[in-house]
Amino acid sequence: MVQTFGKEVVSVLKYEPDKLVCIKGITLEKAREISQSFNENWDIWQIVGYLEKFGIGPQSAETIYKKLGTNTIEQIEENPYLLIDLSPRANFGQIDQIALKIGMDASSDKRIRSGIKYSLKLATNNGHCAVLYENLMQFVKELLRCYRRNARK
């Protein structure tokens, strides 16, 4: 298909499946089946590709898509920290870095709440059922790099 249609292959699969019959062995019925299958999986493929930059793999991407639906990418762009709650293997540092690059304010409530939540999640993953307030605050400050701002004052 790529040899025949080149860069237009996606467009053909999505909008003009009848053109696939020019490929040896593909009937009109088969062409439409291929197109239908492609279109059913297109959204999830887009999300898988998008979430790769956050370090989130295909299995987690499918779970995230099922929870957020067709406007998954828009919701993540609005609040990338959603990924912390939706993906068990999400790396706060990586998500935070991307969120800040796309314009998330470093002092936003979404960022701070997510940092605290992530810190508590790490503590429980390490087998702790309680965390000293001072230790939690120190970890969160370092995670969010607040200590640098405070050190300059």
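How are α7 and α8 oriented to each other, roughly parallel or roughly antiparallel? In this predicted model, α7 and α8 are roughly antiparallel to each other, a term for angles over 145 degrees, whereas angles under 35 degrees count as roughly parallel, 65 to 115 as roughly perpendicular and the rest as oblique. Local features need pLDDT of at least 70 and side-chain atom pairs count only at pLDDT 80 or more, while totals for chains, interfaces and linings use all residues. Residues are numbered from 1 along each chain as its sequence is written, and side-chain values use heavy atoms, with hydrogens and water left out.

Two packed helices are described by the angle between their axes and the distance between the axes. The table sets out the helix pairs.

| Pair | Angle between axes | Distance between axes |
|---|---|---|
| α7 and α8 | roughly 175° | within 11 Å |
| α8 and α9 | about 120° | 9 Å |
| α3 and α4 | roughly 120° | within 9 Å |

Axes here are lines fitted to C-alpha atoms, for helices over the stretch in contact, and angles run from 0 to 180 degrees between N-to-C directions. Helices are DSSP runs (H or I, at least four residues), numbered from the N terminus.

Where α7 meets α8, Phe92, Asp96 and Leu100 of α7 face Arg111, Ser114, Gly115 and Tyr118 of α8, contact meaning heavy atoms within 4.5 Å. By class, this contact of α7 with α8 has three nonpolar, two polar and two charged residues, where Ala, Val, Leu, Ile, Met, Phe, Trp, Tyr, Cys and Pro count as nonpolar, Asp, Glu, Lys and Arg as charged, and the others, Gly among them, as polar.

In the loop between α7 (92-101) and α8 lies Ser108, which is buried, with a relative accessible area of 13% (buried means under 20%, exposed over 50% and partly exposed in between, with a 1.4 Å probe and protein chains only). The side chain of Ser108 reaches the backbone nitrogen of Arg111 at 3.1 Å.

Helix α8 (residues 109-125) also packs against helix α9 (residues 133-143), and the angle makes α8 oblique to α9. Their contact involves Gly115, Ile116, Tyr118, Ser119, Leu120 and Leu122 of α8 together with Leu136, Phe139, Val140 and Leu143 of α9, and these residues divide into eight nonpolar, two polar and no charged. Ile116, placed in helix α8, is partly exposed, with a relative accessible area of 30%, and its C-alpha atom is separated by 9.0 Å from that of Leu143, 27 residues apart along the chain.

Key: Helices (H or I, at least four residues) and strands (E, at least two) are DSSP runs, numbered from the N terminus. A polar contact is a pair of N or O atoms within 3.5 Å; within protein, one must be able to donate a hydrogen and the other to accept it, and residues adjacent in sequence count only if both atoms are side-chain atoms.
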